[in-house]
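Dear colleague,

A short account of its side-chain interactions comes after it.

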Amino acid sequence: MDFKNYFKRQPAGRLIAMGFAAVILVGTALLLMPFSVRPGVYVSPVDALFTSTSAVCVTGLIAVDTADHFTAVGQAIVAVLIQIGGLGVTSVGVGLIVAAGKRIGFKGRSMVKEAMNVDNYRGVVRIVKFVLMMTLCFELTGTVLSFLVFSQDYPPLHALGISIFHSIAAFNNAGFDVLGGLQNLIPYRDNVLLNLTTCGLIIMGGIGFLVILDAGRQRSFRKLSLHSKVVLTTSLALTVTGTVLLRITEHMTWMGAFFHSVSARTAGFSTYPLGEFSNAGLFVLCILMFIGASPGSTGGGVKTSTFFVLLQSVRSEFSKRPVGAFRRSIPRENVARAGMITILSLMVVCVGTVVLSVLEPEYSLTQVLFETVSAFGTVGLSTGITPDLGTAAKLVVILIMYTGRLGAMTMVTIWISRPEKNARYTEESVTIG
């Protein structure tokens, strides 16, 4: 079989999906090696697969504690998997090819276009270079600021390792930590510097690389593209609304409410035990997790732009005005795509919740729903049930995380290739509502 020609014939989306799967399997194999696992600790193949999938899908759900079960080498492997997953397999691959001084062909450019959600092929290599450089700058800054905090509690070398890992995880919106004891960032709930540093990394990683590039070029909100305006305004509105609602529903400080409002949008860090949250607070987090980050970012969810377009379409129905914002009209194709993405995503969440409820009947509906939405939104927040899930339930969560990272619509379309029919049937209306 001619594998070279086989891969050339595959659509870009399918190759990206296969690339993510390949990295997950390689990561699983590496995490099972003796040099990755601490002496006297057992990591099952399912738990290694779960950890690898969670890292590559930049989720943060953990079946076993990263610090307690993996050596420094194993933790470094998890960090690399997070970095690859956050940037995207395609971007990392193209970056390595560029670093080697080789030319990027049309297939490589089409994969970058698909992965980065850009409209054309112009400048895709330049965009990849910018993304890699920007990632390095943000993560270095995050490492320095985090080191100022962790160095107060750990030896310098250990603090440096924790800081590097935390900076990578935060910028790539993956809620992993290497503090041990399944404590996440709870010991640092009152540390303003670490809270703000983590939130800053999450926000910059979650608004999308193209928005950052656009903002850097224009330096004025009025001159930004419609996409950038939509992402920035929706992200701000969700953060503020989430902060207020969490402050009302939970007994936490304004800093804690702000942190969880930001983190719930696909990052997965926590400074308060979620198992003690009320149903109202967990439902607020579910909404934020389902919406998620923005297109072309390191985060998941249905995306802020999808949520914005749906709101504008609802407003259009009531006001009888065209769908649009900021003195721009939004194409009908965008509205239809937003609706389809939301419906498919809801189907994944509903089916996943039902299956997990059947497999794990001892947990409440709220706990199972929260776990499913967290996995699909590649968030990583949990009420504490993840390590205790059975093998079958963990495999279901793995599939949900993989679907959430690629997108429900992508998972459906990349495996179905049907030619359009030329014939059209006569239209007939259907009563709605």
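This is a predicted model: local features need pLDDT of at least 70, side-chain atom pairs count only at pLDDT 80 or more; totals for chains, interfaces and linings use all residues.

Residues are numbered from 1 along each chain as its sequence is written, and side-chain values use heavy atoms, with hydrogens and water left out.

Aromatic pairs

Searching the whole structure gives five aromatic pairs. Rings of Phe, Tyr and Trp (its six-membered ring) pair if their centres lie within 6.5 Å; planes under 30 degrees apart count as stacked, over 60 as edge-to-face and the rest as tilted. Phenylalanine 138 and phenylalanine 171 are stacked, because their ring centres are 5.5 Å apart and their planes are at 20°. Since phenylalanine 138 lies in helix H8 (residues 124-150) and phenylalanine 171 in helix H9 (residues 156-171), the pair ties together parts that are 33 residues apart in sequence. Helices (H or I, at least four residues) and strands (E, at least two) are DSSP runs, numbered from the N terminus. Phenylalanine 171 is buried, at 0% relative accessible area, whereas phenylalanine 138 is partly exposed at 23%. Here buried means under 20% relative accessible area, exposed over 50%, and partly exposed in between (1.4 Å probe, protein chains only). Ring pairs also join Phe138, Phe171 and Phe209 into a cluster.

Charge over a ring

Arginine 189 lies over the face of tyrosine 272, 4.1 Å from the ring centre. The criterion is NZ of Lys or CZ of Arg within 6 Å of the ring centre and within 35 degrees of the ring normal.

Nonpolar cores

A nonpolar core is a set of buried Ala, Val, Leu, Ile, Met, Phe, Trp, Tyr and Cys residues joined through side-chain atoms within 4.5 Å. The largest has 99 residues, of which Ile82, Phe176, Phe269, Met289, Phe370, Val397 and Met401 touch the most other members. Another core, of seven residues, lies apart from it and includes Phe308, Val309, Ala325 and Ile330.

Salt bridge

One salt bridge is counted, the term being a side-chain nitrogen of Lys or Arg within 4 Å of a carboxyl oxygen of Asp or Glu. It joins the side chains of lysine 394 and aspartate 47, at 2.7 Å from N to O. Because lysine 394 lies in helix H18 (residues 391-406) and aspartate 47 in helix H3 (residues 45-56), the pair ties together parts that are 347 residues apart in sequence. Both lysine 394 and aspartate 47 are buried.

With kind regards
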